[in-house]
Amino acid sequence: MQEIRKIQSILEAALKYADEKNAQRITDLHIQIGELNNLMPESIQKNWELLSKDTIAAGAILHFMHIPAKYQCMACFQKYNPPDTNQFECPNCGSVGVKIISGEEFSVQAIDVADITS
Ligand SMILES: [Zn+2]
């Protein structure tokens, strides 16, 4: 359900953008997807097709930009890309308190539209 809501909000943002540009069609969406989201592009694609089918975004191509997870150790402030995202041990000092810097993204980076009317 979480995933559907996220896709719905992306669809709404895309439709709003197209409306502002007076575009009749949305052709491509460039989506940032963080490694920690556990979202499968295939599943996003399927839900996107379901949600967008009666809108001007129907048939739009989704492009995924994968963002790797990045943690920062709260003890020594070392920033690192965890080899295993379930492993919270700092490679520098061995402490287990981390802050997630990136990897939780799920947002639209760019939207391509077509058939702009004036
Ligand atoms: Zn550390």
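Which residue just after helix 1 takes a positive phi? I looked it up: Asn 22, at about 55°. Helices here are DSSP runs of H or I with at least four residues, strands runs of E with at least two, numbered from the N terminus.

Provenance next. This is a predicted model, where local features need pLDDT of at least 70, side-chain atom pairs count only at pLDDT 80 or more, and totals for chains, interfaces and linings use all residues. Residues are numbered from 1 along each chain as its sequence is written.

I checked the length of helix 1.

Then burial. I call a residue buried if 20 or more other C-beta atoms lie within 10 Å of its own, exposed if 12 or fewer, and partly exposed in between, with C-beta atoms placed from the backbone. Ile 7, Ile 10, Leu 11, Ala 14 and Ala 18 of helix 1 are buried. They fall within an arc of 100° seen down the axis (directions from the helix axis to the C-beta atoms), so they line one face. The face turned away carries exposed residues, including Arg 5 and Lys 16.

I followed Ala 14. Beyond neighbours within four places in sequence, Ala 14 is in contact (C-beta atoms, placed from the backbone, within 7 Å) with Ile 26, Leu 29, Ala 57, Val 108 and Ile 111. Strand 1, helix 2 and strand 6 are among the elements covering the buried residues of helix 1.

How values were computed
Two residues are in contact if their C-beta atoms, placed from the backbone, lie within 7 Å.
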